[in-house]
Amino acid sequence: MENSTIFVCGHLSPDLDSVASAIAYADFQNQLTKTNNYQPTVAGEINRETTWALNKFGFTAPQQLSPDLPSGQKLVLVDHNEAGQRLENYVNFEITGIIDHHKVNFEGEQPIEIITKPLGATCSIIYELYQINQIAIAPKLAGLMLSAILVDTVITKSPTCTPTDLEIIPKLAALAGIDDWQAFGLELFKIRASVGELSAEQILLSDFKDFLFHEKKFGIGQVETVDLNEFRSREAELRQIVSSKRQEDNYHTVILFITDIINEGSWFIIDSAQADLVGQALAADFQTGDAYIPGILSRKKQVVPPLTQLFSN
């Protein structure tokens, strides 16, 4: 690769927003700078709804970011900033920018541009960059960005969804030629919820992130569905993979929660060194290793903050 190449990459266990953000931000910067220097990449295997959305709107899946690139290769992070959510060799890269909608936990040796906003998706932030700079969004890219925002905001039901997201969604839908974005969102979640061909490990890792709370390593996976019964029927193997993941990778706690977007609640399966404290944080009883918690839809706003508060003291 030429030294002028700047890679754009989302987090490990790539989800739709991280992949769409990499594609959209690379396109935005290439138009802004009138170059082709920015190249979207991914940090792992993409999931099924991302593959579906890429195919629907005519995109080729970005290449995986190689761990063997020379030291000093430039990299922009999208949809994440914490070290635990990046490739292990990220220290070999020169991180030149961050665009994210999560809390900031980043240390670097040089000043860089960091754009963070508490919006429902990173693609919402990138949409605003297009508008501010009066750069056109192609219809197929509008469809991909819309898909990412609908997934991250759970079709606007998530508490992470903001008034800004609510303004952006119909504008992207119009650009993409989608008349009923709510029906389109349900179609996405039906693809997302189809787990019959997935192993228990694939379900756990499909949207799995690491967190460090006062030296305690947590792994939290989330899956959204329109039919919780499809997962209930696989309870034994899901419990087993959660337990195995904690033991094999030395986690303090591993959580898998499956969100029912129709009834707006989540079924939690956990394995923890301190299940009672996890229950205290989430206001649930985990004596049996699982619990259904009404009203929880967001890892970022409803799960991570109370765990951070209790376990980081």
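## Cysteines and disulfides

The sulfur of Cys 9 lies 14 Å from the closest cysteine sulfur, that of Cys 123, which is too far for a bond. Cys 161 also has its closest cysteine sulfur in Cys 123, at 14 Å, and this too is too far for a bond. The structure holds 0 disulfides, a disulfide being a pair of cysteine sulfur atoms within 2.5 Å. Cys 9 is buried, with a relative accessible area of 3%, and Cys 161 is buried at 16%, where buried means under 20% relative accessible area, with a 1.4 Å probe and protein chains only.

The model is predicted, so local features need pLDDT of at least 70 and side-chain atom pairs count only at pLDDT 80 or more, while totals for chains, interfaces and linings use all residues. Residues are numbered from 1 along each chain as its sequence is written, and side-chain values use heavy atoms, with hydrogens and water left out.

Leaving aside neighbours within four places in sequence, Leu 172 is in contact (heavy atoms within 4.5 Å) with Tyr 127, Ile 137, Ala 142, Met 145, Leu 146 and Ile 149.

## Pockets

A pocket is an open set of points on a 1 Å grid over the protein atoms alone, with protein on both sides within 12 Å along at least five of seven lines, and its lining residues have an atom within 4 Å of a point. The largest pocket has a volume of about 690 Å³, the volume being the space filled by probe spheres set on the points. Of its 29 lining residues, Ser 13, Gln 202, Leu 205, Ser 206 and Asp 207 are the closest to its centre. Helix H7 (200–205) gives the most to this lining of the largest pocket, with 4 residues, and by class the lining has 10 nonpolar, 8 polar and 11 charged residues.

The second largest pocket has a volume of about 430 Å³, and of the 30 residues that line it, His 102, Lys 209, Ser 298, Arg 299 and Lys 300 are the closest to its centre. Helix H11 (299–311) supplies the largest share of this lining, 5 residues, and the lining divides into 6 nonpolar, 12 polar and 12 charged residues.

Definitions and conventions
Buried means under 20% relative accessible area, exposed over 50%, partly exposed in between (1.4 Å probe, protein chains only). On a 1 Å grid over the protein atoms alone, a cavity is a set of points where a 1.4 Å probe fits but cannot get out, and a pocket is an open set with protein on both sides within 12 Å along at least five of seven lines; lining residues have an atom within 4 Å of a point. Helices (H or I, at least four residues) and strands (E, at least two) are DSSP runs, numbered from the N terminus. Ala, Val, Leu, Ile, Met, Phe, Trp, Tyr, Cys and Pro count as nonpolar, Asp, Glu, Lys and Arg as charged, and the others, Gly among them, as polar.
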